[in-house]
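Hello,

Here is the structure I promised to pass on. My notes on what turned up in it follow below.

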Amino acid sequence: GWEAEMMALEMRQKEFKGSGIQLLEMFKLGLAGGSAGAPQLPDGVSTEDVIEHYLTRISMMARQRYEETFGPILEQDIRWCLTVPAMWSERAKDTMTRCAEAVGMQDV
C-alpha cells in the first residue's frame, strides 16, 4: 500500500541497490490467470507467494495497532474479513482464502 510505496521511494532515493526489496504493484491481478495488466514477478516468485507475504504484513500491522491501543489479544479472538472484487472467479477467491489461511488468518 501507500506506506510500502513511500518506504520504497525513500529507499530508492538512498540508493538501496542490493537490499533485496522490490516494490510490487497490482500483483493480485495474477489471480485471474493471464490477466492483462498483471505484473511480471521476480523469478521463482508466484502470485500466491506475494499475496501471502502481503497478508502476513497486513495481519502483523493490524495486531500491532490493536495491541498498542487496547492491549494483548488472543488469536482466537480475531475474526478476519477480507473483501475481494465481486467479479473475481471462484478460483481466485479460493486462492485468496487459502493464502490467508496459510499465514494464520483463520476463519476467513
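The structure holds one aromatic pair. Tyr-66 and Phe-70 form it, and the pair is tilted, with 4.9 Å centre to centre and 45° between the planes. (Rings of Phe, Tyr and Trp, the last by its six-membered ring, pair if their centres lie within 6.5 Å; planes under 30 degrees apart count as stacked, over 60 as edge-to-face and the rest as tilted.) Both residues sit in helix α2, four residues apart, so about one helical turn separates Tyr-66 from Phe-70. Helices here are DSSP runs of H or I with at least four residues, strands are runs of E with at least two, and both are numbered from the N terminus. Tyr-66 is partly exposed, at 35% relative accessible area. Phe-70 counts as exposed, at 61%. The cut-offs: buried is under 20% relative accessible area, exposed is over 50%, and partly exposed is in between, using a 1.4 Å probe and protein chains only.

A word on the source: this is a predicted model, in which local features need pLDDT of at least 70 and side-chain atom pairs count only at pLDDT 80 or more, while totals for chains, interfaces and linings use all residues. Residues are numbered from 1 along each chain as its sequence is written, and side-chain values use heavy atoms, with hydrogens and water left out.

Next, the salt bridges. There are two in the structure. The term means a side-chain nitrogen of Lys or Arg within 4 Å of a carboxyl oxygen of Asp or Glu. Glu-75 bridges to Arg-63, with the closest N and O atoms 3.0 Å apart. Glu-75 lies in the loop between α2 and α3 and Arg-63 lies in helix α2, so this pair ties together parts 12 residues apart in sequence. Glu-75 is partly exposed at 37%. Arg-63 is also partly exposed, at 21%.

Lys-93 pairs with Glu-90, and here the closest N and O atoms are 3.4 Å apart. They are three residues apart in helix α3, so about one helical turn lies between them. Lys-93 is partly exposed at 23%, whereas Glu-90 is exposed at 53%.

Now the core. The largest nonpolar core has 14 residues, and those with the most contacts inside it are Leu-31, Ile-51, Leu-55, Trp-88, Met-96 and Met-105. α2 (47-70) and α3 (90-102) each supply at least two residues of this core. The largest share, four residues, comes from α3. (A nonpolar core is a set of buried Ala, Val, Leu, Ile, Met, Phe, Trp, Tyr and Cys residues joined through side-chain atoms within 4.5 Å.)

What does Met-105 contact, leaving aside its neighbours within four places in sequence? The partners are Leu-55, Ser-59, Trp-80, Leu-82 and Ala-100. Contact means heavy atoms within 4.5 Å.

Beyond residues up to four places away in sequence, Ser-59 touches Trp-80 and Met-105. A polar atom of its side chain lies 3.0 Å from the backbone oxygen of Thr-56.

Last, Leu-41. Leu-41 is in the loop between α1 (2-13) and α2. Leu-41 is buried, at 14%. Not counting residues up to four places away in sequence, Leu-41 touches Leu-24, Ser-46, Thr-47 and Val-50. Leu-41 and Glu-25 are 16 residues apart in sequence and 9.8 Å apart in space, C-alpha to C-alpha.

Best wishes

Conventions
A polar contact is a pair of N or O atoms within 3.5 Å; within protein, one must be able to donate a hydrogen and the other to accept it, and residues adjacent in sequence count only if both atoms are side-chain atoms.
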